[in-house]
Amino acid sequence: MEKLTILILFILGSTNFVTGQPISIENEHKNLRLLKEIKLSDELIIGDITKMDSYKNEKFVIVDAVGKQVYLIDSLGQLIKTLNPEECHPGFHWYPLSAFFNQEGNIYIINSAPWGFKFGSNGECFGPLDNSFLAAISFTFNSSNQIIGYYNTLPSPTLRLMTPEGKKIKDFGFFPKEFLNVIHRFECGGIITDKKDNVYQVNINSPDIFKYDKEYKLVATYKHKPSYYKNIETDISSSPGEVMRDVNRILKDKTLTQDIILLDKDKILVQFAQMSSERFYGIEIFDLNGNRLNKEEIKFRLPVLAAENGSVFFRQQKPPTAEGELPNPSILEYKLIFK
Amino acid sequence: MFNKNHKFFKFGFWALIIIVVTLINLFLNFEKSKNNSVNHIKNLDLKSIRLQTLMDSKIPLGKNFPNFSAYNIVSDKKEFKKFDELSLVLLLADYGCNRCQNRELKNCQKLFESNDELNVVCVMNTIDRYSALRLRKVTQVKFPMFVQDSSFFRNFSYSRNYPQLLLIHHNKINDTFLPIPEDDDFSEWFFEYVSVKIKDSLYFN
């Protein structure tokens, strides 16, 4: 992964907007009802919960990109397995970036060269994905367990339908030509599928949702712009030396569409990152026909990491001890209240 | 007649076997030499990269490395650090080679544990203390780690690549090293070199 992309990832993905301060939801928000805190065992050395996914609220896969580990845990936070590709593929270059459950609970890991690895639903080592598979920033699966990946590559970002092993079947998807560098540099935007294999896509530069049918034809564009949403107006430079200079200037006070998550079987959650001095994450809830469901705008200090069955999951990092020891982060499960 | 045919086929059978085995051997040798030449090219690339790194590492030699103030990630307070004694300084950045940074932190920790005379310090190019705390946690290092913003690094960082290692004595940069991603051996050699230099007491003049 390019160094600049890592830095930009950090800027957006870090939960620590305020220097040195732990970011935590200390009080229940009017849109949230705390269901439980999932504490991770102190026996594990977890640098951070960089990415996570949930499977039927029964299992969670946690990626710690700092410690280069992936953990499969149950709903109580007990470790089921530390995923290890060397069990079936000794010498595999393990640099996990993100993880996704498919419909059957099998786990797909996006890795940094080689790009993909597959584990079973209990962490059984299956093996690398096809040699032709490339890392996607977002993943979803259809009812046939085919993979659909969101690729922010230059010069042509694309959505890609692949076999369960990661072989390309076809490309599709709408991407704006005016913001290709922004799309490329940020790991924002994403895709989900519903139970009828419709695909829903968002891109970083606008709040619009693009809907594709099961033949991957664009059938609808849902437009809803929150009041705080300020579109990016110009693209950043393609030159690595100028990107850092551009990022602050172009993104100042703007809103980025961070991702799209299936909140439950008939509701979509779209998450935005607001880059103003009052930084927050805004979310909007829609039904599958693009009708907005939340009466009021919803804003959080922390990003939603995952969602399922009406629950949203946040990561909480408590402050270090006086000796500088950082406790393991925990996962907070909340019921999302939006009506 | 039968005997002649039988001899002919028997001879033909063995000739066929020999030809097939020969062809298989030729094919395997061809593949092996192709692999060897690919490895040869890879080795040449690695040597070039190492050579370039070593050349780049010469740039700051002899330059002054100032005493400085930076935020200690444990105490979260600004501390003043002096570099008149022998010191190994590891410079990190959020956008640096992630795997390299973990590796060099662990290498520095080994040196820190085995050398009382060596002052080991890490400074990370970030205002986010938690980034450094996370690295400290997963690598289990015990030497002091600091964070400072990027303007601080312009004083003595000599490359856009991170991590960077600087061996300082009497506030002068005596040695430097730019680790290479995926090249663990190269890093090991640098740390062996530093260990030998400390043991030889070349610095204790």
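A:Asn328 sits in the loop between β23 (311–316) and β24 (330–336) of chain A. Strands (E, at least two residues) and helices (H or I, at least four) are DSSP runs, numbered from the N terminus. The model is predicted, so local features need pLDDT of at least 70 and side-chain atom pairs count only at pLDDT 80 or more, while totals for chains, interfaces and linings use all residues. Residues are numbered from 1 along each chain as its sequence is written, chains are lettered from A and ligands numbered from 1 in the order in which they are written, and side-chain values use heavy atoms, without hydrogens and water.

A:Asn328 counts as buried because its relative accessibility is 13%. Buried means under 20% relative accessible area, exposed means over 50%, and partly exposed lies in between (1.4 Å probe, protein chains only). A polar atom of the A:Asn328 side chain lies 2.8 Å from the backbone oxygen of A:Leu44. A polar atom of that side chain also lies 3.1 Å from the backbone nitrogen of A:Ile46. Beyond its neighbours within four places in sequence, A:Asn328 is in contact (heavy atoms within 4.5 Å) with A:Leu40, A:Ser41, A:Asp42, A:Leu44, A:Ile45, A:Ile46 and B:Lys137.

Chain B has five helices and seven strands. Along the sequence they follow the pattern α-β-β-β-α-β-α-β-α-β-β-α. Of the 205 residues in chain B, 45% are buried. Among contacts in chain B between residues at least 6 apart in sequence, 70% join residues at least 24 apart. The chain exposes about 11,700 Å², and carbon and sulfur atoms supply 59% of this area. Accessible areas come from the Shrake-Rupley method with a 1.4 Å probe; for residues, only the protein chains shown count as cover.

The largest nonpolar core holds 32 residues. Such a core is a set of buried Ala, Val, Leu, Ile, Met, Phe, Trp, Tyr and Cys residues joined through side-chain atoms within 4.5 Å. B:Leu88, B:Leu105, B:Cys108, B:Leu118, B:Phe143, B:Met145 and B:Leu165 touch the most other members. In chain B, β3 (87–93), α2 (98–114), β4 (119–125), α3 (129–139), β5 (145–148), β6 and α5 each supply at least two residues of this core. Leaving aside neighbours within four places in sequence, B:Leu105 is in contact with B:Leu90, B:Leu92, B:Cys122, B:Leu135, B:Thr139, B:Val141, B:Phe143 and B:Met145. Another core, of 26 residues, lies apart from the largest one; A:Ile148, A:Tyr150, A:Phe186 and A:Ile232 are among its members.

Helix α5 of chain B covers residues 184–199. At 1.5 Å a residue, its 16 residues should span 22 Å, and the end C-alpha atoms are 23 Å apart, which agrees. The expected span is 1.5 Å times one less than the number of residues. In α5(B), the buried residues are B:Phe186, B:Ser187, B:Phe190, B:Phe191, B:Val194, B:Ser195, B:Lys197 and B:Ile198. An α-helix has 3.6 residues a turn, so residues three or four places apart point the same way.

Most residues other than glycine have a negative phi, and most peptide bonds are trans. A cis peptide bond joins A:Ala113 and A:Pro114, with omega about 0 degrees. A:Pro114 lies in the loop between β7 (107–111) and β8 (116–119) of chain A. The bond from B:Tyr162 to B:Pro163 is also cis, with omega near 5 degrees. B:Pro163 is in the loop between α4 (150–153) and β6 (164–169) of chain B. Phi is positive, near 50 degrees, at A:Asn309, which is partly exposed at 46% relative accessible area.

Conventions: A polar contact is a pair of N or O atoms within 3.5 Å; within protein, one must be able to donate a hydrogen and the other to accept it, and residues adjacent in sequence count only if both atoms are side-chain atoms.
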